[in-house]
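Here is a friendly note to read with the model open beside you. Take the points in order and look up each residue as it comes.

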Amino acid sequence: MKIALAQINVIIGDFDYNLQKILVNIDKAKSQGADMIIFPELTTTGYPPRDFLEFKDFILKAEKLIEKLKNASKDIAIVVGSPTINPVVEGKDLYNSVIFLYQGKEIYRQHKTLLPTYDIFDEARYFEEANQWNIVEFKGKKIALTVCEDLWNLGNENPLYTINPMDEMMKHKPDFIINISASPFDYNHASERIKILKENVKAYKIPIFYVNHVGAQTDIIFDGGSLVVNSKQKVFTELPYFTEELAIIDYDKIEEIKNDNQQEKNKLKLIKDALVLGIKDYFGKIGFKTAVLGLSGGLDSAITTVLAVEALGKDNVRVLLMPSQFSSDHSVKDAEDLAKNLGIRYDIVPIKNIYESYLNELSPLFEGKKFNVTEENIQARIRGNLLMAISNKFGNILLNTTNKSEMSVGYGTLYGDLSGGISVIGDVYKTEIFELAHFINKDKEIIPNHTITKPPSAELRPNQKDSDSLPDYDILDSILKLYIEGRKGPDEIISLGYDEKLVSRVLKMVNRNEFKRHQTAPVLRISPKAFGMGRRMPIVAKYLES
């Protein structure tokens with residue numbers, strides 16, 4: 001038996017587009033002699049469809065797509081994910097299902113059992129969990145059909161769920177497992193995914209065919225990396241990351257290998273490729289083509305510009321250099337050099353006169369008040385207005401260049417440098433930004449070296465440096481990771497050797513600036529815990545304020 005893994009990039013709610021993509025892959029699989037083709041979780045709708053699932057019309061369109069796929073199932077079995085209606089009055093109205101089609105008919109459907117509600121997931125909001133488990137027989141083989149999370153609850157000291165669907169399916173003695181998935185990217189997840197699948201194989205002693213989504217859906221990025229793991233816990237194949245792929249697997253040969261066939265998992269390459277795909281799909285799936293951003297001569301805007309050019313092409317990225325009287329000459333030169341290295345359009349729009357006009361008009365109101373963050377924020381908001389003017393006039397979408405360290409502690413100006421349609425590096429800590437810059441420059445100098453080596457500065461007052469307001473980034477980022485990703489409280493962090501006053505200060509800054517994060521652009525998710533859907537904190541709260 002030959003089995004096709006269809007790792008595809010669909011668009012949420014674009015049923016015609018998704019159908020055509022599915023059909024193209026079915027035809028390709030047929031032409032290569034495949035007996036079966038497997039598509040990811042909720043392929044018909046795209047993942048995550050969220051509250052679109054509450055619209056009857058949306059579900060009907062998914063059902064019509066499945067009906068059309070029945071016609072395509074002549075001489076090839078189609079395994080595909082789709083929402084299905086729960087006929088029982090009690091419980092949620094829908095199931096998250098995997099459907100097995102063959103010879104114009106639906107042979108079997110298995111509903112997802114384990115519905116995650118952590119991080120970005122909120123499936124129990126929409127779906128009823130399965131309460132029956134069976135297998136499907138095809139070409140003399142018994143197959144266990146599972147959906148994503150159904151394989152992630154192997155017995156451990158603190159299982160998240162009270163049931164393991166594979167334990168129920170094993171009663172029917174399946175020959176192998178199919179798992180259709182929507183497993184979002186983070187820089188650790190590919191390794192974790194392989195570990196989980198191998199643990200399943202170890203427990204059940206049968207192979208797994210695992211197919212994952214690829215592509216970005218607003219802030220959530222799917223990396224693909226679909227897998228076949230044989231009964232000896234060896235990876236027979238791992239499909240590429242961040243690209244669509246159709247692979248034909250000969251079932252009879254998967255036990256022949258002795259060594260894992262895994263891809264290299266370089267953290268910096270994964271992050272770069274994920275962010276490029278995130279930008280590309282954000283623009284492509286909405287119908288945008290061109291981007292604009294402010295290029296300051298600093299590292300954050302430099303990294304964002306490089307990623308945007310790779311994603312959209314140099315002719316589709318435009319930058320503004322907006323120096324003030326506080327900007328250093330070398331910052332302007334660094335920005336110009338980067339723009340020239342990339343071959344992109346850049347315009348210089350000094351803000352000194354605009355800034356002084358603000359101060360003149362406000363002087364009667366500010367009389368007797370000293371220069372402070374107010375004047376700094378005015379500069380940031382002038383730049384934000386200029387960028388939005390270009391966005392409105394020419395249709396360029398503004399990219400936000402704030403990194404995760406700054407976003408965590410509120411080191412940014414609402415309606416100024418926090419403006420933008422998508423936050424490109426809002427899930428990348430400043431220390432990782434430096435690492436990413438060196439990775440980008442590994443073959444040749446793209447980002448001017450001076451941009452990387454100079455002390456970070458917002459340049460909103462004379463001789464300003466980030467270290468005037470923030471701890472050194474290596475210390476700050478380590479505390480932030482413990483709090484945000486590690487969910488450790490102050491006492492736990494202090495016990496690891498961090499200064500008590502510093503920990504208290506940093507954690508207060510994070511919590512007090514929640515209101516800013518609620519008003520900023522979606523953040524491309526590349527870590528295990530990003531700002532946005534996966535981290536839901538109250539704005540009005542007193543935790544860690546004392």
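Which kind of link do the side chains of K265 and E238 meet in? They meet in a salt bridge, 3.2 Å from N to O.

A word on the ground rules: this is a predicted model, in which local features need pLDDT of at least 70, side-chain atom pairs count only at pLDDT 80 or more, and totals for chains, interfaces and linings use all residues. Residues are numbered from 1 along each chain as its sequence is written, and side-chain values use heavy atoms, with hydrogens and water left out.

1. **The opening pair.** A salt bridge here is a side-chain nitrogen of Lys or Arg within 4 Å of a carboxyl oxygen of Asp or Glu. K265 lies in the loop between β14 and α5, while E238 is in strand β13 (residues 235-238), so their bridge ties together parts that are 27 residues apart in sequence. Helices (H or I, at least four residues) and strands (E, at least two) are DSSP runs, numbered from the N terminus. K265 is partly exposed at 24% relative accessible area, whereas E238 counts as buried at 8%. For those words, buried means under 20% relative accessible area, exposed over 50%, and partly exposed in between (1.4 Å probe, protein chains only).

2. **Two bridges from helix α4.** The whole structure has 32 salt bridges. One of them joins R193 to D223, with the closest N and O atoms 2.8 Å apart. R193 belongs to helix α4 (residues 189-204) and D223 to strand β11 (residues 220-223), so this bridge ties together parts 30 residues apart in sequence. Another bridge pairs D260 with K198, and here the closest N and O atoms are 2.4 Å apart. D260 sits in the loop between β14 (245-250) and α5 (267-286), K198 sits in helix α4, and the two are 62 residues apart. D260 is partly exposed at 29%, while K198 is buried at 19%.

3. **Rings in pairs.** A pair of aromatic rings is described by the distance of the centres and the angle of the planes. In this model, rings of Phe, Tyr and Trp (its six-membered ring) pair if their centres lie within 6.5 Å; planes under 30 degrees apart count as stacked, over 60 as edge-to-face and the rest as tilted. The search of the whole structure finds 16 aromatic pairs. Y126 and F127 make an edge-to-face pair, 6.4 Å centre to centre with 65° between the planes, and both residues are buried. Ring pairs also link F15, F52 and F58 into a cluster.

4. **Charges over rings.** Look next at K267, whose charged end sits over the ring of Y187, 4.3 Å from its centre. Likewise, the charged end of R517 sits over the ring of F531, 4.6 Å from its centre. The test is that NZ of Lys or CZ of Arg is within 6 Å of the ring centre and within 35 degrees of the ring normal.

5. **The nonpolar cores.** In soluble globular proteins, nonpolar side chains tend to be buried together. A nonpolar core is a set of buried Ala, Val, Leu, Ile, Met, Phe, Trp, Tyr and Cys residues joined through side-chain atoms within 4.5 Å. The largest one has 53 residues, and those with the most contacts inside it are I221, I303, I447 and I526. Helix α5 gives this core its largest share, 10 residues. Apart from this core lies another, of 37 residues, among them L42, F58, F127 and L246.

6. I484 is in helix α13 (residues 473-484) and is buried at 1%. Leaving aside neighbours within four places in sequence, I484 is in contact (heavy atoms within 4.5 Å) with K404, S408, Y429, K529, F531 and R535.

7. **Checking helix α15.** What span should the 13 residues of helix α15 (residues 500-512) have? At 1.5 Å a residue they should span 18 Å, and the end C-alpha atoms are 18 Å apart, which agrees. The expected span is 1.5 Å times one less than the number of residues. Buried residues of α15 include L502, V503 and V506, and its buried residues pack against α10 (404-409), α13, α14 (490-494) and α16 (514-517).
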